[in-house]
Amino acid sequence: MVDTSLVIPKRIEKWAKERSEIAALMASEYGDALMKAYEELDLSLLYQSVTHGIGHIERTMFFGAMIAMNEKLSEVDTRDILLCCSYHDIGRVDDRYDLEHGRKSAEKIRDGEKLRSLFAEPEAAMAAIHSHSIPDGEAEDAPLIYNVKKLDKSALYTACLKDADNIDRVRLYDLDESFLRFPKTREMVPLAWWLLDAFLKRHTVLCFGDSNTYGYNPRTEARYPSYFRYPNILQQFLGDEYKVIAEGLNGRTTAFPKGGFIWKSGLYSVEPVLASHYPIDTLIVVLGTNDCAAELDLEAGDIADGMEKLLITARDLLTEKQGYEPRIILVCPPHLEDSIKKGPFAEEMNSKSLEVSKTLPGLYEKLAEELDCDFLNLDGTIHFSDIDSEHLRPFDSYRLAGMLADMIRE
Ligand SMILES: [Fe+2]
Ligand SMILES: [Fe+2]
């Protein structure tokens with residue numbers, strides 16, 4: 001996934017509580033300069049990719065600020081170096097090993113008056129950016145090309161940019177520490193690994209459910225486009241600090257084979273599903289409607305028992321695999337209404353189905369309490385579409401996703 005927005009500004013306060021180096025940066029004027037540089041960064045100019053895109057740029061800027069602090073650089077030099085870090089890869093055309101992209105980035109700055117005017121020392125900055133993709137000793141003519149008057153500035157900017165860019169090679173697991181120029185940058189290598197892990201970490205949410213998690217469209221009897229399915233809407237609401245995985249199957253029950261298919265039982269499939277996706281921080285389970293089907297002839301208590309087995313199995317498996325307990329949100333679907341008797345599922349559901357579906361919320365709530373899970377009752381808040389009385393409208397998917405997003409962020 002290519003990053004589309006900055007991550008570090010949103011998380012750095014939290015990280016400062018965990019790493020003393022980050023706390024020291026944020027307490028200094030270098031931290032202020034970094035936050036200002038993030039604010040002013042023109043994302044539209046950046047090359048888009050996983051390895052050389054926004055994420056790499058914001059980490060390079062972070063290291064640029066750390067280096068400026070370590071080397072006690074002036075405010076003006078710090079600002080220029082942060083700009084070098086910001087735009088050093090704008091000449092990239094792909095992610096290949098490319099010695100020329102530094103020159104191309106510098107030329108974009110030279111030819112872009114607005115961009116060039118941001119720098120206090122544009123010549124020194126262009127020479128540094130030109131040199132950053134060329135091995136040391138092979139870029140001696142860079143200051144000449146850009147008519148640099150202050151050679152000490154271009155040497156300083158080059159060293160700072162190269163160290164800031166290089167230390168983020170941890171992202172490729174290809175950092176050669178001997179290439180780092182400042183001894184204090186070498187001391188930062190453990191921080192670089194820590195930052196990479198913290199940066200890439202996403203709170204993972206898995207939605208385990210039936211056709212309403214799959215995104216069944218009652219009007220077309222096909223699948224809603226992804227932007228109308230509640231797991232995708234939830235992803236949009238939660239943003240890029242979260243990763244939402246949709247695991248919806250038409251006809252899925254809590255623990256019973258429907259239509260003779262054992263794999264429609266949630267209990268049957270939950271282990272391979274979770275084992276394919278862990279670590280899972282939050283597990284959302286939305287099931288129970290299909291359990292009400294006449295063919296299964298279940299009592300509400302049977303369904304709650306099925307849900308109990310499913311939740312215990314899921315929690316045990318995840319706790320064992322990932323070493324920590326997931327948060328579980330048990331969601332009770334809306335009850336079935338009389339109108340279902342006039343729709344395409346009239347054959348599937350009978351009067352008992354309707355009665356059982358009305359008893360489920362109370363039993364689910366009790367179960368959630370017993371198992372120490374969170375509980376969300378959709379009954380009375382959300383109604384199934386009147387097209388088939390069993391599936392959500394996009395309007396309701398937005399409401400459901402909103403309620404879940406609020407709970408997850410709590
Ligand atoms: Fe580069
Ligand atoms: Fe780079």
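Reply: In strand 4, I329 is the bridge partner of I284, and this pair belongs to the parallel pairing of strand 3 (residues 282-286) with strand 4 (residues 327-332), which runs over five bridges. Strands here are DSSP runs of E of at least two residues, helices are DSSP runs of H or I of at least four residues, and both are numbered from the N terminus; two strands pair if DSSP finds at least two bridges between them. The model is a predicted one, in which local features need pLDDT of at least 70 and side-chain atom pairs count only at pLDDT 80 or more, while totals for chains, interfaces and linings use all residues. Residues are numbered from 1 along each chain as its sequence is written, and chains are lettered from A and ligands numbered from 1 in the order in which they are written.

The two strands are part of an open sheet of five strands, ordered 2-1-3-4-5 with parallel pairing. Strand 2 (242-248) and strand 5 (374-377) stand at its edges with a single partner strand each, so one side of each has no neighbour in the sheet. From one strand to the next the twist averages 15°, where axes are lines fitted to C-alpha atoms, for helices over the stretch in contact, and angles run from 0 to 180 degrees between N-to-C directions.

Helix 14 (residues 230-238) packs on the sheet, where it touches strand 1 (203-209) and strand 2, and its direction makes about 175° with that of strand 2. Helix 18 (residues 394-409) also packs on the sheet, touching strand 1, strand 3, strand 4 and strand 5, and its direction makes about 160° with that of strand 5. Contact between two residues means that their C-beta atoms, placed from the backbone, lie within 7 Å.

Strand 4 is largely enclosed by the rest of the structure, because five of its six residues are buried. A residue is called buried if 20 or more other C-beta atoms lie within 10 Å of its own, exposed if 12 or fewer do, and partly exposed in between, with the C-beta atoms placed from the backbone. In helix 14 the buried residues are Y230, P231, I233, L234 and Q235, and the buried residues of this helix pack against strand 1, helix 13 (211-214), strand 2 and helix 18. After helix 14 comes G239, whose phi is positive, near 85°.

Buried in helix 16 are A300, I303, A304, G306, M307, L310, L311, A314 and L318. An α-helix has 3.6 residues a turn, so residues three or four places apart point the same way. The buried residues of helix 16 pack against helix 15 (266-277), strand 3, strand 4 and helix 17 (351-370). Helix 16 is followed by G323, which has a positive phi near 85°.

In the loop between helix 15 and strand 3 lies P279, and a cis peptide bond joins Y278 and P279, with omega about 5°. In the loop between strand 5 and helix 18 lies S389, which has a positive phi of about 60° although it is not a glycine. S389 counts as buried because it has 23 C-beta neighbours inside 10 Å. Leaving aside neighbours within four places in sequence, S389 is in contact with L336, E337, S339, I340, G343, F345 and F384.

To place this part in the whole, the protein chain has 18 helices and five strands. Its radius of gyration, taken over C-alpha atoms, is 28 Å, well over the 22 Å that the globule rule gives for 410 residues, so the chain is more spread out than a compact globule; that rule is 2.2 Å times the number of residues to the power 0.38. The C-alpha trace spans about 90 × 40 × 35 Å along its principal axes. An automatic or database domain assignment supplies the domain bounds, and the chain is divided into domain 1 (8-199) and domain 2 (203-409), whose C-alpha centres lie 47 Å apart.
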